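Subject: Structure handover

Hello,

Here is the structure I said I would pass on. My notes on it follow below.

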Amino acid sequence: MNLNQILIESKNKINSANTSAELENIRIELLGRSGLINQLFSEIRKAENPHKYGQQLNKLKKEVEILIANKSTNLPKIDNCKLKIVNSFSLPKVGHLHPITQTERQLNEVFKKLGFSFYDGPEIESDEYCFQRLNVPPSHPAREMQDTIYIKEPELLLRTQGSSIEARLLSQEKPPFKVAFPSRVYRNEKVNKSNHFIFHHYQGVVVDKNITLKDLFGTINLLFKTLYGPNVIIRFRNKYYPEVEPGVGPDMQCFNCQGQGCAICKGAGWIEMGGAGIIHPKVLKMAGIDPHLWRGFAFGLGLDRWVMAKYNIKDIRTLLGGNLAYKPNHL
Amino acid sequence: MKIIYSEIKKWLPDLKDDAKSVRDNLTQIGHFVSGFEEIDSEIVLDLEIRSNRADCLSYYGIARELATFYNLDLQIPEIKSFQFSESSIPITINSPDVYRIQATKISNLKNSPSPSWLIKFLKLHDINSINTLVDLTNYVMLQWGIPCHAFDLKKSSELIWENNQNYSEFTSLDGSKIKLSPKNLLITDSQKVLSLSFIGSENSSIDLNTTDSILEMAIYNPSRVRSDSRSLKTITEASIRLDKELDTQTIPLAFSHLLSLLITHCGAIISSQLLDIYPKVPSKITIEFDPSSPASYAGINIPTDFSLDVLKHLGCSIIKNLKSSLLISPPSLRKDLNLSEDLIEEVIRFYGYYKIPIDTPVDSQTLPDITPPILYLIENLKDQLLALGYDEIRSWPLVKTPLDKNAIFTQNSINSDYPVLRQSLIQSLKTQLDQYRRFKLPAPQFFEIGKIYFQKNGQYLEQNALAIYHYDSQKLESDLNLVAPVKGRYPKGRGVDSNFTEIILDDLPKPKKYLPTFSDSKAIELTSQIITLDANLNLDSPRDPLDLIKEYSTKINPKILWSIEIIDVYKNRYTFRVSYYNCDDKTAKKIHLSTFNLL
């Protein structure tokens with residue numbers, strides 16, 4: 001993109017401002033967090049010479065800042081004569097991401113730095129990918145009508161877990177890979193203040209040579225510390241999931257009672273945060289991946305309760321029910 | 001599964017750790033203790049037992065786990081020696097769902113109300129006391145994890161195990177009537193139903209007058225029990241155990257314990273042969289195991305001696321030494337041990353997950369990017385729409401009504417008012433708009449990016465779509481012209497109104513890569529209407545309106561201030577428009593009048 005052209009266009013825009021509100025709008029458009037110049041900075045790696053391009057961008061940013069500052073002092077003050085204004089005066093409307101998206105992006109940020117790709121899969125899923133390929137036995141209670149919403153029983157259903165994306169990923173891609181994926185999932189549950197039949201998972205899968213539990217624990221620890229700060233206390237315990245072996249349950253020390261036991265953690269002092277483990281050799285085998293050559297870990301976390309705790313949302317229905325709104329001006 | 005700390009010590013007399021340490025260690029090795037309380041001077045631990053560990057639905061199983069963890073010897077309860085007679089028992093097995101059954105006849109019973117220790121034991125497990133004989137069958141079930149049943153011989157002269165063909169109804173011990181289905185596993189006397197596999201009936205119940213009884217302990221096809229229990233909507237302590245894989249080889253020990261207790265506490269005399277029907281003898285499993293493999297899985301050093309000690313303590317036997325590995329046979333009790341990875345997990349969980357360092361995440365080396373480009377497009381569009389002031393919403397993908405015959409219906413959603421997968425995001429956004437209108441949210445503009453679903457040529461398909469709403473339809477159009485690559489590709493809403501539009505994203509050109517940065521902003525849970533009030537402020541001299549907004553916004557409690565703006569300026573008169581939330585009309589008006597000196 002031609003930076004000189006951008007500077008000329010910016011100058012014209014700034015000069016055209018008649019009021020301080022208009023000028024503020026232009027400032028956000030050019031210098032705001034999601035503004036043009038920040039967007040150019042985010043694409044710096046694509047430039048032929050990123051170092052030189054970065055210097056030019058910094059110069060452009062400074063020039064735009066000076067232009068705005070000068071314009072601000074030169075804007076005509078409102079005098080006593082009649083003034084009819086077209087635009088109202090308010091801080092410009094800034095859009096907001098849904099809290100689930102914000103949390104997903106925060107998690108994506110962690111995995112982006114670890115060199116992960118991202119993935120997706122269908123919500124209308126087959127029994128094969130939702131259960132069979134994840135080593136869920138035919139008699140597992142999750143397969144029953146009470147727990148699964150079927151489109152066409154028993155073959156087609158609404159996915160009950162984000163792991164179905166894992167099953168697709170394993171069968172579609174060749175290792176090694178590192179992938180994270182948020183997902184919307186469905187269970188046949190009555191909707192009330194604390195349960196919903198639609199909720200959200202965040203999962204990750206790594207398949208490479210010599211993957212260990214140490215890699216898994218370190219990755220989850222990094223994730224929790226990013227989300228909850230460096231002082232968060234985590235423990236890992238043994239837990240059963242059909243798709244992993246060994247299985248792992250990561251817990252976080254209760255933020256409310258610091259491990260003493262309270263109503264939030266039901267007296268345990270710890271809060272269950274999801275499930276993880278080394279991918280079961282049967283799961284790899286079913287996907288055509290040789291478990292003697294490759295090993296992987298997988299983890300999955302329920303997103304909704306994290307989001308509720310983080311944003312102080314008390315009713316899970318609010319997340320998808322239309323009752324969430326955003327203050328317009330960051331007051 | 002609840003366990004009493006003092007009771008587990010009977011199985012492990014050398015256990016020195018206190019109950020809290022036992023709780024923490026059980027949780028570490030995979031039996032999450034969700035409850036810990038003192039009741040009647042006893043400490044009761046409530047364990048969440050995973051579905052593949054039916055052996056741990058008993059004191060026997062949990063004691064074996066702790067014996068391995070603490071390297072202690074297990075003390076099996078005292079079992080008397082007794083002799084069976086030659087007399088036969090009137091039992092017929094006509095069902096393939098019976099995996100093993102042991103049964104015998106006992107006579108000369110002196111049944112009575114249960115002793116206090118037994119009543120207390122059962123009460124701590126949330127089981128009501130009936131009488132000594134019945135209570136002892138429950139006691140043995142909790143100790144060994146295998147349900148057993150006593151039938152009054154006066155009420156039923158023979159017992160037949162069969163899959164239902166003839167019976168329509170069953171009355172359980174508490175008098176509730178259960179409608180039976182074909183194939184339900186029943187115990188009958190050819191005239192009436194005496195019991196289901198997991199719950200008894202009045203027709204054969206034991207009371208204080210019972211003197212002769214047939215005792216049986218059996219393990220069935222778990223799928224049959226699960227199916228019966230679910231379809232009949234009846235879950236019992238017995239069904240919770242019988243619907244999982246139990247160990248048929250534990251039956252002789254557990255059944256002998258029951259007989260010992262009945263001889264001691266009810267004066268029972270064994271008056272028949274020991275019937276042992278065992279059509280499903282499990283085959284022996286062997287697993288090739290490399291003792292160094294647990295270390296390779298954990299990523300830390302775990303001595304091979306430790307691996308072998310753990311397996312030995314668990315009851316595994318070494319069948320053969322191979323070149324670099326061993327051929328191991330797990331104990332019959334452990335139905336979950338089938339692969340070398342299962343044994344690896346055993347070693348690591350007893351070694352301690354807490355010994356594995358947690359400060360080294362997976363190597364951050366970047367591997368080839370396999371992200372589908374549609375995901376980059378979605379993130380890019382979200383950021384562009386944010387910059388234009390749109391809020392993102394997420395709505396229910398299930399809606400009340402289909403748009404046309406291509407809609408996809410769910411078969412069994414418990415929320416039957418919403419049986420259809422949406423064919424358009426606008427269907428969901430309309431509900432959102434209704435909510436915003438209900439709360440009188442001023443000037444809404446929002447979007448959703450999500451899936452829509454439909455049938456085509458017998459296939460069930462889903463597409464990624466973007467739907468947008470703006471209260472000003474002209475602004476919507478001008479905004480869309482600013483969004484690449486939507487520009488020029490926006491159809492008007494599907495007959496809803498011109499304030500909505502929807503675009504299929506799968507058809508749009510995708511960016512090569514787009515990684516958004518994280519930013520955080522507040523979400524408000526709307527619980528009351530937004531109240532909007534105006535005020536005219538007459539000043540002596542002109543002021544910068546934005547300065548005025550900032551000044552007056554600080555005068556109002558941020559917990560109730562939704563928005564504030566100046567909508568008109570005439571000479572030195574400034575017209576404010578303020579929206580309040582989290583308060584009622586009267587409070588909002590009072591605060592408004594006071595803030596702008598209008599009282």
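**B:His265 and its surroundings**

Leaving aside residues up to four places away in sequence, B:His265 touches B:Thr132 and B:Leu136; two residues are in contact if their C-beta atoms, placed from the backbone, lie within 7 Å. B:His265 sits in helix α8 (residues 251–266) of chain B. Helices (H or I, at least four residues) and strands (E, at least two) are DSSP runs, numbered from the N terminus. B:His265 counts as partly exposed because it has 19 C-beta neighbours inside 10 Å. On that scale a residue is buried if 20 or more other C-beta atoms lie within 10 Å of its own, exposed if 12 or fewer, and partly exposed in between, with C-beta atoms placed from the backbone. B:Asp309 is 44 residues from B:His265 along the chain, and their C-alpha atoms are separated by 40 Å.

**What kind of model this is**

This is a predicted model, in which local features need pLDDT of at least 70, side-chain atom pairs count only at pLDDT 80 or more, and totals for chains, interfaces and linings use all residues. Residues are numbered from 1 along each chain as its sequence is written, while chains are lettered from A and ligands numbered from 1 in the order in which they are written. The predictor gives the complex an ipTM of 0.87 and a pTM of 0.83. Chain B has a mean pLDDT of 92, with 99% of its residues at 70 or more; pLDDT is the predictor's confidence in each residue, from 0 to 100.

**Between chains A and B**

The contact takes 100 residues from chain A and 101 residues from chain B. On the side of chain A that touches chain B, helix α5 (residues 99–113) of chain A gives the most, with nine residues. By class, that side of chain A has 45 nonpolar, 27 polar and 28 charged residues. Here Ala, Val, Leu, Ile, Met, Phe, Trp, Tyr, Cys and Pro count as nonpolar, Asp, Glu, Lys and Arg as charged, and the others, Gly among them, as polar.

Strand β12 (residues 324–325) of chain A and strand β25 (residues 524–525) of chain B run antiparallel and are joined by two bridges. Two strands pair if DSSP finds at least two bridges between them. Opposite A:Ala325 stands B:Ile524 in β25(B).

**Within chain B**

The domain assignment of chain B gives domain 1 (2–70), domain 2 (91–277), domain 3 (287–353), domain 4 (373–504) and domain 5 (531–595); such bounds come from an automatic or database domain assignment. The C-alpha centres of domain 1 of chain B and domain 3 of chain B lie 23 Å apart. Their contact takes ten residues from domain 1 of chain B and eleven residues from domain 3 of chain B.

An open sheet of three strands has the order β19-β21-β20 (chain B), with antiparallel pairing. β19 (398–399) and β20 (408–409) of chain B are at the edges, each with a single partner strand, so one side of each is left without a neighbour in the sheet. In β21(B), B:Val420 is the bridge partner of B:Phe409.

Helix α12 (residues 373–387) of chain B has 15 residues and reaches 22 Å from its first C-alpha to its last, close to the 21 Å expected at 1.5 Å a residue; the expected span is 1.5 Å times one less than the number of residues. The buried residues of α12(B) include B:Leu377, B:Ile378 and B:Leu381. Among the elements covering the buried residues of α12(B) are β18 (391–392) and β22 (445–456) of chain B. Just after α12(B), B:Gly389 takes a positive phi of about 95°.

Regards
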